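Take a moment with the sequence and the structure before reading on.

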Amino acid sequence: MPRYNKPPSLPDIPEAHSYGDAWRISCWMLRGFIHGITRGPFGSRVVSSVLTVLHLVLFIPTTVIVWGSILRRSARYYMSPERNAVLAIVAKRGAWHIANHVAAEPGHHQGKALRKRLIGPLTIAADRAGVEIRTVAANQKLAEQYVAEVQGLVDVGPGMPRGRKLQRPPAQDARTNLQ
């Protein structure tokens, strides 16, 4: 069985652990989909509309899935100290995938504040572990913002079901310089 380098626990950064956290995150996801209906190109708005309806219809099963994801050994759900934003990272073979990044109030910079606290420690840890960081930004504007915030993060094409796929390879010299 392959060994996955799970992202580290970070001091002063709480983590999601409970079904209550899953419920909260599921509500934030719904708010994010609703927020997306009013933003971006027409196609993205349609996708956000469909995701909103699906999320409403499947709210309880989605919440259970989020809870199961929180409990996965390969995942870590970092929450802001104010518990108003979350960034989830799932370890996969050779990469950390940012699987969920939502905030209580989309568009109010809660997610950005959490990213600011996490980017430095997580990129250093990813470099030391020799893993790539991958994510899908919900739209072009967020993709550009993430690329500006994270050194080495590049846009590699369209994401699924919407947005832009981004990745950051580990720094070439990090493993030799930090070991």
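## Ground rules

A quick word on classes: Ala, Val, Leu, Ile, Met, Phe, Trp, Tyr, Cys and Pro count as nonpolar, Asp, Glu, Lys and Arg as charged, and the others, Gly among them, as polar. The model is predicted, with local features needing pLDDT of at least 70 and side-chain atom pairs counting only at pLDDT 80 or more, while totals for chains, interfaces and linings use all residues. Residues are numbered from 1 along each chain as its sequence is written, and side-chain values use heavy atoms, leaving out hydrogens and water.

## The second largest pocket

A pocket here is an open set of points on a 1 Å grid over the protein atoms alone, where a 1.4 Å probe fits, with protein on both sides within 12 Å along at least five of seven lines; lining residues have an atom within 4 Å of a point. The second largest pocket holds about 160 Å³ of space, a volume being the space filled by probe spheres set on the points.

Its lining is made up of M29, I65, V66, S69, R72, Y77, V90, A99 and N100. By class, that's six nonpolar, two polar and one charged. Helices (H or I, at least four residues) and strands (E, at least two) are DSSP runs, numbered from the N terminus. Both α3 (59–71) and β3 (95–103) give at least two residues to this lining, and α3 supplies the largest share, three residues.

## α1 and its partners

Axes are lines fitted to C-alpha atoms, for helices over the stretch in contact, and angles run from 0 to 180 degrees between N-to-C directions. Helix α1 (residues 19–37) and α3 have axes that come within 8 Å and cross at roughly 125 degrees. That makes the pair oblique, since angles under 35 degrees count as roughly parallel, over 145 as roughly antiparallel, 65 to 115 as roughly perpendicular and the rest as oblique. Their contact (heavy atoms within 4.5 Å) includes Y19, W23 and M29 in α1, and F59, W67 and I70 in α3. By class, this contact has twelve nonpolar, three polar and one charged residues.

With helix α2 (residues 42–57), α1 packs at about 150 degrees, the axes 7 Å apart. The two are therefore roughly antiparallel. Among the residues in contact are L30 and F33 of α1 and L51 and H55 of α2. Seven nonpolar, six polar and one charged residues make up this contact.

## α4 and α5

Helix α4 (residues 110–129) and helix α5 (residues 140–149) pack at about 30 degrees, their axes 11 Å apart. That makes them roughly parallel. K112, R115 and I119 in α4 meet Q145, Y146 and E149 in α5. This contact has two nonpolar, one polar and three charged residues.
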